[in-house]
Amino acid sequence: MSRKKTAEEYQKTFAFRFFRWLSGEKDPYNGEMEMHPQKEYQPDPEAVLRHEKEHDAIMDKVYDTEHNKWLHLFHRLYQTTSILFCLFLIALLLVTVSYLPAIGSVTRPVNNEVSERYIEKGLEETGAVNIVAGMILDYRAFDTLGESHVLFVATITVLILLRLNKTEKDEAEVSDRRFEPKNDAILQLVATFLVPVIIIFGIYIILNGHLGPGGGFSGGAVIGAGLVLYLNAFGFKKTERFFTEKTYKWICFFSLSFYCLAKSYSFYTGANQLHSVIPKGTPGAILSSGLILPLNIAVGLVVACTIYAFYAMFRKGGF
Amino acid sequence: MNFICNFPFFSILLSLFSGTICSVLPAKAAKVVNRVVIIVIGLMSAVLLLYLLSTGESFIYWMGHFPAPWGNEIRAGVLEAGMALFFCIIMYLSMAGGAHKLPGEVVESKHNLYYILVNLLLSSLLALVYTNDMFTAYVFVEINTISACGLIMIRQVGRTIEAAVRYMIMSLLGSGLLLFGLCIMYDLTGHLLMSNIKESVGLLIANGEYQIPLIVSVALMCIGLCIKSALFPFHAWLPDAYGYSTVSSAAILSSLVSKGYIFLLIKIIYRVIGFDIFNSTRIIDVLFVFGLMGMIFGSLSAIKENDIRRMIAFSSVAQIGYIYMGFGMGTQAGMVASIFHILSHAATKSLLFIAAIGLTDVSGGSHKFIDLTGAAYRNKWAGAAFTVGSLSMVGIPLFSGFISKLLFAQAAVQVEGKMLASLIVLGISTVLNAVYFMKTVIRIYAYAPDAPYKGITFRDMKAYAVVLVCFILLNVILGVSSQPIVDMIGQGLAMFA
Amino acid sequence: MYLILSSILFPILAGLFLLVRYRTPLSGEKPVDRQSLTAMAGCSLIITAIFVIAALFAEKGFTLFYLAQSLPIYFRVDSVGRIFSLLAVIVIPCAGFFSFEYMKHEEHESRYYGFYLLVFGVFNALCFAGNLITFYLFFELLTMSSMPLVLHNGSKEAVMAGLKYLFYSLCGAYAALFGIYFLYRNCGSLTFTVVDGALRASAITEHGGFLLVVAFVMLLGFGVKAGMFPMHAWLPTAHPVAPAPASAVLSAVIVKAGVLATIRVLGMFGTDFLKGTWVQTAWLCLTLVTVFMGSLLAYREPVLKKRLAYSTVSQLSYILFGLAVMNDTSFTGSLLHVLAHGFIKAALFLCAGAIIYRTGKTRVEEMRGIGKEMPVTMWCFTIASLGLIGIPPTGGFISKWFLALGSLNSGIPVFDVLGPVILLVSALLTAGYLLPLSIHGFFPGADYDYGSLQKREPCKLMTMPISILTFLSVLIGVFPFLIIVVIYLAATGR
Amino acid sequence: MGPNLFVNYGEAVSAILFCIGFTNLLLQTNLIKKIIGLNIMDSAIYLFLAEKGYIAGRVAPIVVNGVTGTETYINPIPSGLVLTGIVVSVSVTALMLSLTIRLYTRYHTLDLDEISTQLKKEGK
């Protein structure tokens, strides 16, 4: 039994809309996208004049090389010294490089007992198939601990510089709401498909850090990129439902604390020649290689949050 | 292994971890955590120092389950433990001395961030002191740089941010060179651990292989660290950074941050390259010359300055010049003198910064000399402390500055070629120091009955006064009973070999 | 031990106490209680003087603590130290009592008395210092504690003068320190000896030439404090701006620290090592130049205190000349002159202070007829002047006699005769710049307006110290023997 | 000149790149360009490090089929160092950029000298 659809009903169907879109009758931007074109910036003409004057004066003072002989001399001197220094450095480094052991040969001093042991015993001692992961998270884990704290302290400094207080934040919010294009249908549609994929891919990279190329940092960066895309497509209002500064704070706190404590345990047992209770597992299995997997997850979380936090800070000064 | 051997590891991890904890704590709690952590680490370092003095041997501590060339290591000897203890003392006093100014300088909501930075700075300093691995040192150098930058610009006025940019640019040049030198060194030796590199370097030198890259690598590392520690031609960022950041930051930056790099340089000289090999290169002559220039030009700039904090900052340039001059002499005695000067300068410079803020506070917050007239009458404790610091800087006996100058001179007398230059410059620099410090002292003790500022009494600044007294005591102790400390430094250097 | 220590520590502590207790009040606070302050300062001066006199008879030295390895802070009383300490213990309290009256017209008395006592203590320590490093310590502290006296009135001029004083002294002290480093390396210990020298024999043979340079640098460096020729400029700047009793102490006592230092350095190197070398020649030249130039400058100087300052420059070089000749007779002359010049110059400065205090006159040409107004002061001034010129029977005569005798007996070519000649010329110049003051003071001339004269004699508190000092300056001229015995002991190292 | 300049062409290139970045950092007046210089410098070092690990004819150090012979894999250490280095570089770049943003919002210029002059004029 077939039922004839009314024209009204027909217009609601997907096929109708699809064909209409194909034939280009409807612009998806029209009526859907929320966009306030930013008003042309109209500064106070007096202020502009004053600013220009100051600017000129400063430029005169700083770059007035005709009248200020000393400055001129200093600039010249600085530039020449810099360039000479650079040329000297290039020459020096090239000479140095020419004396360095040849690339690609087996006999370089770098290929000594250290790398041999990493390659030969790495699998057995750390349980990681990816020898680099085993190296940075087990043999030389102290560096990596430091490295994640570099990231942490960098976010702290960015927070200090760019985090706004309450009133400034509200202002920034308003201006961000108004002037950043939102509800861009194309972007949203693409994001709907891509963001989950990106995030899942990031998780895959993190979880397989000990089994193949990848690890906490690269995976975290991928997830962070996914989050940034999501933010761009759907705006702060949506992301703030699940990701605020508080979330960021606690995730970072827990990950870094876990990192610190886990590594402390491993260092402590190692230095005191105690037996570590952490199992190595079967090499190749996803749940293997002792602490490397959880550490990768922790690093991944920190990095993802940090990348997102950087973006949010740069764009709005808070999230 | 004795349990005490865990202490270096505990102190690094504790300060790192406390940094993380502070990120979720409110400001008050973060402050308490910060103080407690510094005290605990100080106590641990003291115990460790005593332990090491009693055993007389340094020890290696594995960071992980793997021995020397494969795993990561830290190492503790008398010098390291002593430095850690001293850094903790100075840091605690600086934090306590500047605490009452903090609310006015930093937005309330960012206080806990401030404590995070301080904790991480402490951890990076400790790691620089204890580490036995070059790459770890590089990573912690970066933590040190970034957190120092944070400390500079946490008081957000235009000058500090500009200073932070300049500081970062200089520091990054320095780190770039350091890392490049490190890479070349790694390429030549195939190791990253200091003790293993030293073995390989010894072999390379003995076989006469790779001489040029080796020297270049050492030179790059040295220049990198010199840039980072604001040796003379690279000091452009320093006056703004020290002159306008928060009080505690200025005290910590001037007395500790650059000293961390210098200590790393000492470790590189002794533990990576070997003292004799380092001295046979021309690098020490370069360090010597730049040190001398720094001593003179730093003081000259300080004389021209009419802002008290910038003046003290410029004086740091001169003092760092002293330290490098000691390196440049290329003798054990010069090195001992430099290390003692690290201590004495740290104690004096932080004292001066903390005292200066007491003086500017009672002068309407102005740093200009003209407003400081008679400030010592309005804040007697700060005035007395500033005078002590100045006397120490000028090198009056009984204070720490005299001993370090004495040590420098004794070291200089033993080096034939550099004796005259160093003694003469030492003399000129002493007199220049006297010019600007005594000028300031006279200024603050000049009587200004019609100054429109109110004095401050002991009751209003108990904690501050106590900190000042501690600083003065520290200075006098260094100046009066220096022998045990000098012995300890000698012992520590012997352990380095 | 306790006597020495208390003679050093008591005045220092008392001075600090005065500084803290009677600090200058801020606006709105109640003013300092002058009477109790004066009483306190007076008592401290007397007690210190008693301590010092008792300490003069102490025998044993002692080490207080070690500044660094083999650098003890060591105190000991020896004959040279006794003489300088004797000078200080008389001049400083006298000038101190004088200042109780004088300081009434200046501000910040507590600061003045505080640092005054500090200077007293530090100078005692300087006299009793038993080795070079202790000496250096207190030498620096002396500079630091006497600087506030110079810049006391706080005017821009005074501050600049104080800074000038500071920098000259610091430069000098650093040059001396430079030498100490070398001595430390080349001597067994830095403990003072008198004539033998402490240098190791091997050091003399190995780096003899270099050690001579070191000796010269040290002599020059300490010479700054004693106002020796190339570095004398701080004296005439510092004296006029300081309060009169302070300049009395500065000129009579503090600059003698330079002389004491020179004696100590000579002792360290040993006269045998330096005799006949270029160092001696150069040093003799410098001192003679200073003697002559100082007198000449004083002769054409119109401001009284500045004239006296130049006179100090010249007279101190008499002493240094005697030391540079390096024999027992001239050494005796030098030490006698230390005492004589100390008393005389203190008396002269106090007279100048009394004149300023009562009349406000500072320039010489304003002082016509002053003798009629202030007879006691001017009589003392005249007697002291005669002493400085070297007219018997004053102290100045005896000391100059010994100086000339020593020089003539020394057998140094040229200088043995040139020295006494220049001393004589300088004595004539001295007469030329000091006596006119007395002459015009007492005989202002026929055209002088006698009607405007009024009695302006200052109170006893001022005239007494002046009289005592003048009396003493004559006394050592009349009975020099006791002192000569002490000095002879010092000269021969016992 | 040593024998290996052309054999080590990768390292030579990274040395030149390093100096270019270095000079950028010194000479550029524009802060953003300075930061780019910084990144060039860092990347050059990573290139240099990566060259260290390379051994002709070998594969990345990820164990395949349980083969753990040294003849199979390149040196893993430089790769690990580069990983650490990159993180440091990211952090530093972020910090520099935020400093630049802060200065720009306040002084409307990216020229450090101009900012200094303005600061001097402010007299603070």
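**Entry 1: two domains in chain B**

How far apart do the C-alpha centres of domain 1 and domain 2 of chain B lie? I looked this up and found 22 Å between the two centres. This is a predicted model, where local features need pLDDT of at least 70, side-chain atom pairs count only at pLDDT 80 or more, and totals for chains, interfaces and linings use all residues. Residues are numbered from 1 along each chain as its sequence is written, while chains are lettered from A and ligands numbered from 1 in the order in which they are written.

In chain B, domain 1 covers 1-269 and domain 2 covers 282-497; such bounds come from an automatic or database domain assignment. I then checked the contacts, where two residues count if their C-beta atoms, placed from the backbone, lie within 7 Å. Domain 1 of chain B brings 35 residues to this meeting, and domain 2 of chain B brings 39.

Which element gives the most to the domain 1 side? I found that α3(B) does, with ten residues. I also noted my labels: helices (H or I, at least four residues) and strands (E, at least two) are DSSP runs, numbered from the N terminus. I sorted the residues of that domain 1 side into 20 nonpolar, 13 polar and two charged. Here Ala, Val, Leu, Ile, Met, Phe, Trp, Tyr, Cys and Pro count as nonpolar, Asp, Glu, Lys and Arg as charged, and the others, Gly among them, as polar.

**Entry 2: chains side by side**

Which chains share the most contacts? Of the four pairs in contact, I found that it is chains A and D. Chain A and chain C do not touch, and their nearest C-alpha atoms are 32 Å apart. Chains C and D have no contact either, with their closest C-alpha atoms 27 Å apart.

**Entry 3: one proline**

I finished with A:P213, which I found in the loop between α9 (185-207) and α10 (216-239) of chain A. Why is A:P213 called partly exposed? Because 13 other C-beta atoms lie within 10 Å; a residue is buried at 20 or more, exposed at 12 or fewer, and partly exposed in between, with C-beta atoms placed from the backbone. Leaving aside neighbours within four places in sequence, A:P213 is in contact with A:N130 and D:I62.
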